[in-house]
Amino acid sequence: MERTVYLNGEYVAESKAHISIFDRGFLFADAVYEVTAVLNGKLIDNAGHLARLERSCKELGLKLPVTGEELTGIQKALIEKNNLVEGGIYLQLTRGDEGDRDFSYSEDIKPTLVLFTQSRSLIDSPKKDTGIRVISIDDIRWRRRDIKTTQLLPACLAKHMAHAANADDVWLIENGLVTEGGSSNAYIVTDDNTIVTRPLSNDILHGITRASLMKLADDFDFKIEERHFTIEEAYAAKEAFISSATTFVWPVVAIDDKPIGNGKPGEVALKLREVYINTALEMAE
Ligand code: PDD
């Protein structure tokens, strides 16, 4: 069944939604995006996603053509039009199209705004039971990873490499230290049950799920430490896990073929996942 998608002010069938070949999102990845999870037909952590979108736009001088309130209205309309119960809403804003390929752009260029739904099972994902296997690879991305741009080729290549190595995803390494996952934030749990994750900076995306987990960890008396950690420390950790809007929390059971802890999903990860989902359902809009 065809989805109804949103393109520049209109709701259209996906096969009727067309963008110019000169769109800067297509030619230069001159674009930002957000993914908001949907549970029971409601938006999860959406205020955080829209706030980060605004920040990404500000950093790149991109102009959002609609207000946050209007965006939420579009997201809700898409959920309804597509009968979406569980999955996500993808939102992308590009700098737009000036009718040719040119590195430079004018200030009054009209942006392109696209949103579409993706139906998928988030709560009953089999990965929560099996955990995921990751391989570590060099983080070759640019130095403004805090901006959520669509320059995702390094992540696509890395995930492809992981699948070829019989793994599910990657953890990215810079100067011997873990930055984040292929499309997630990365955590380890030490022997005294402290959750460790890299501090916020331009080196990583400021995950919205990460921010919620940090708050929940505090509320539920988990010990949490924001500091750098090496891949060797991760190999020896009691547990490891990732977080994102598309996974919530998934345990990591092996890194570079080395089992983490007893090689099974860890208790802290599973507890955080449960607490996150319960709270998210309560606060969903
Ligand atoms: N990715 N780090 C990176 C590099 C990411 O791409 C993502 C999310 C995260 C987690 O952020 P959040 O908790 O706000 O989803 C961290 C999305 C899900 C994606 O690209 O599909």
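**Exercise 1.** Which of the 18 residues around the ligand come nearest?

*Solution.* Keep in mind that you're working with a predicted model. Go through the residues around the ligand, 18 in total, and pick out the nearest: Tyr 33, Arg 52, Glu 180, Ile 208 and Thr 209.

**Exercise 2.** Find N or O atoms of the protein that pair up with a nitrogen atom of the ligand, then work out how much of the ligand the protein buries.

*Solution.* Start with side chains. Glu 180 has a side-chain N or O atom 2.7 Å from a ligand nitrogen. For Lys 148, again through the side chain, the distance is 3.2 Å. Now try the backbone: an N or O atom there in Ser 183 sits 3.5 Å from a nitrogen of the ligand.

**Exercise 3.** Describe how helix H6 and helix H8 pack.

*Solution.* First, locate them: H6 covers residues 208-219 and H8 covers residues 267-283. Their axes are 10 Å apart, at an angle of about 105°. Angles of 65 to 115 degrees count as roughly perpendicular, so that's what H6 is to H8. Next, list who touches whom: H6 brings Thr 209, Ser 212, Leu 213 and Leu 216, while H8 brings Leu 272, Val 275, Tyr 276 and Thr 279. Finally, sort this contact by class: five residues are nonpolar, three are polar and none is charged.

Methods:
Residues numbered from 1 in each chain as written. Predicted model: local features only at pLDDT ≥ 70, side-chain atom pairs only at ≥ 80, totals over all residues. Heavy atoms only, no water. Axes fitted to C-alpha atoms, helices over the stretch in contact; angles between N-to-C directions. Helix = DSSP H or I, 4+ residues; strand = E, 2+ residues; numbered from the N terminus. Parallel < 35°, antiparallel > 145°, perpendicular 65-115°, else oblique. Contact = heavy atoms within 4.5 Å. Nonpolar A, V, L, I, M, F, W, Y, C, P; charged D, E, K, R; others polar. Near = heavy atom within 4 Å. Polar contact = N/O pair within 3.5 Å; in protein donor to acceptor, adjacent residues only side chain to side chain.
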